[in-house]
Amino acid sequence: MKNFICHAKMAAMKFEDKKRIRHRMFSFMKKTACLLLAVIFLPAFGSMAQPVPFAISNAPEVLTAASPYGEAVLTRDIPYTSHPTTNQNFNLYLPRDKGTQPFPLVVWIHGGAWMSGSKEWDNVKYLVRDGYAIASIDYRYTPEAPFPAQIQDCNAALNFILAHAADYGVDARRFVVAGGSAGGHLALMLGLARGQKDFGANPAVKPLAILDFFGPADLNMMKSDLEAIHSQKGLELLQDAGSKLLGAPMDEAADKAKIASPINYVSAAAPPVLIIQGGKDNLVPPAQSKRLHAALDRAGVKNQLVVIDDAGHDGALFSTPEVQLKVVDFLEGVLK
C-alpha cells in the first residue's frame, strides 16, 4: 500500500512537472512570437509616427546675369498650403550678391483671364536686378473653382510667405503686391480688401503698395466699357471668363460682380497704387483704370496712372526702360 501511494505521488509530481514545462514552453513561445512581430513591424510603426514634411521644394537654381532676372537664386514650386492642388504653389527669386538679406518683396500674380496662365508670366522680372525678391504665385483656376477661390489662394500664399519670411530671406515688413491683367485684378483685391475675412485676409497684414498692370477694376462696368470701344473680342472674352469667374452668366451676376470688383474696396486706408494701362487695350479698356484712378483720388489715396498710348493688352511696351524706371521710382518712394 505504501509503495502504491509513493508511486502515485511520484506520478502526480511528474504530471505537475510536465504541466510547468509545457506552461514555460508556451510562455517562451508567446514572448518569442511577440518579439518577432515587434522586430518585423516596429520600423513601419516608427515611420508612421514621424511627422510628414509640410513643404518639399526643389533645390535652388542659380540664374546667370543673362537671365531676365539677372543673377538670382530661384526655388521653384513651393507649396503654400498643407494639401496643395497643382496650382497652389509659388516660385521664389532672390537677388544674388545684391545687398544683404532680408530683401524687400514683390508678391506677383499672373494673368490668364482667371482660367489659365503661369507664374512664369511676370512683368517685373527686372526688379530682382534692383535688389527685390519676387514671389510669383499660382492659384486655382475658374474651371476648378469660381471666385472667391482665387483671392483666397492669394491670401493663403501671402500669409504663408510672410510667416516664413525669415527662412526665405525676405522682409515681412517691406512688401508690395502686384499683378498683370487678371493678376492685376487679384493684386488690387489682395491690397484693397484687407478687411474681408471671407477672402482669407488678415486685417493686420497690409502691403506697402499695389502695382496694377491693366487689371479689371469694376466688373459691373466692363460690358459697357467694352461696348464703348466696340471690342467684340473683349465682349466675347468677358462672357466666357467673367461667367466662369462668377459662376453665373455676367448678365445674371451683378451682385457677385460687385463683390469681386476691387473698386468697391477703395478707402482712405488703402496703400498707394501704381496703375499701368495700355491706351489701345481692347480687353481691359482704359476706362477701367481711369475709373479706379478717380476713386483713389476721391478717397485721398496716393496713386499714379500711367497710360502707354500705343500699347494694347500686355506686350513689350510695358517693359521699356521708361516704364521700368517709373516702377522702380514708385517702389523706392513707398518703401523708403
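# Reading the labels in a predicted model

User: Where does Ala113 lie?
Analyst: Ala113 is part of the loop between strand 4 and strand 5. Keep in mind that this is a predicted model.

User: Why is Ala113 called buried?
Analyst: The relative accessible area of Ala113 is 17%. The word buried is used for values under 20%. Ala113 falls under that cut-off, so Ala113 counts as buried.

User: Which phi does His230 have, positive or negative?
Analyst: The phi of His230 is positive, about 55 degrees, although His230 is not a glycine. His230 sits in the loop between helix 5 and helix 6 (232–246).

User: Is His230 buried or exposed, and how do you know?
Analyst: The relative accessible area of His230 is 72%. Exposed means over 50%. His230 is therefore exposed.

User: What about Ala65: why is Ala65 called partly exposed?
Analyst: Ala65 has a relative accessible area of 45%. Buried stops under 20%, and exposed starts over 50%. The value for Ala65 lies in between, so Ala65 is partly exposed.

User: Where is Ala65, and which residues does Ala65 contact?
Analyst: Ala65 is in the loop between strand 1 (61–63) and strand 2 (72–79). Setting aside neighbours within four places in sequence, Ala65 is in contact with Gly70, Glu71 and Arg129.

User: Why does Thr142 count as buried?
Analyst: The relative accessibility of Thr142 is 6%. The cut-off for buried is under 20%. Thr142 passes, so the label holds. Thr142 is placed in the loop between strand 5 (133–137) and helix 2. Leaving out residues up to four places away in sequence, Thr142 touches Trp114, Met115, Gln150, Lys244 and Leu245.

User: What makes the bond between Phe147 and Pro148 a cis peptide bond?
Analyst: Look at omega: for Phe147 and Pro148, omega is about 15 degrees, and the bond is cis. Pro148 also belongs to the loop between strand 5 and helix 2. Most peptide bonds are trans.

User: Which bond is cis with omega near 0 degrees?
Analyst: The bond from Gln101 to Pro102 is cis, with omega near 0 degrees. Pro102 is in the loop between strand 3 (89–95) and strand 4 (103–109).

User: How do you know that the reach of helix 2 is close to the expected one?
Analyst: Compare two values. Helix 2 has 15 residues and reaches 21 Å from its first C-alpha to its last. At 1.5 Å a residue, 21 Å is expected. The reach of helix 2 is thus close to expectation.

User: What do helix 2 and helix 4 do where they meet?
Analyst: Helix 2 (residues 149–163) and helix 4 pack at an angle of about 60 degrees, and their axes are 10 Å apart. Their crossing is right-handed. From helix 2, Gln150, Ile151, Cys154, Asn155 and Leu158 take part, and they meet Leu186, Met189 and Leu190 of helix 4. By class, this contact has six nonpolar, two polar and no charged residues.

User: How does the reach of helix 8 compare with the expected one?
Analyst: Helix 8 (residues 286–299) has 14 residues. Its reach is 20 Å, close to the 20 Å expected. Gly300 follows helix 8, and the phi of Gly300 is positive, near 75 degrees.

User: Which residues of helix 8 are buried, and what covers them?
Analyst: Pro286, Gln288, Ser289, Leu292, Ala295 and Leu296 are buried. Their cover includes helix 4 (182–192), helix 5 (222–228) and strand 9 (303–308).

User: How many helices and strands does the protein have?
Analyst: The protein has nine helices and nine strands. Of its 336 residues, 47% are buried.

How values were computed. Residues are numbered from 1 along each chain as its sequence is written. This is a predicted model: local features need pLDDT of at least 70, side-chain atom pairs count only at pLDDT 80 or more; totals for chains, interfaces and linings use all residues. Side-chain values use heavy atoms; hydrogens and water are left out. Helices (H or I, at least four residues) and strands (E, at least two) are DSSP runs, numbered from the N terminus. The expected span of a helix is 1.5 Å times one less than its number of residues. Buried means under 20% relative accessible area, exposed over 50%, partly exposed in between (1.4 Å probe, protein chains only). Contact means heavy atoms within 4.5 Å. Axes are lines fitted to C-alpha atoms, for helices over the stretch in contact, and angles run from 0 to 180 degrees between N-to-C directions. A crossing is left-handed if the near helix is turned anticlockwise from the far one by less than a right angle, and right-handed if clockwise. Ala, Val, Leu, Ile, Met, Phe, Trp, Tyr, Cys and Pro count as nonpolar, Asp, Glu, Lys and Arg as charged, and the others, Gly among them, as polar.
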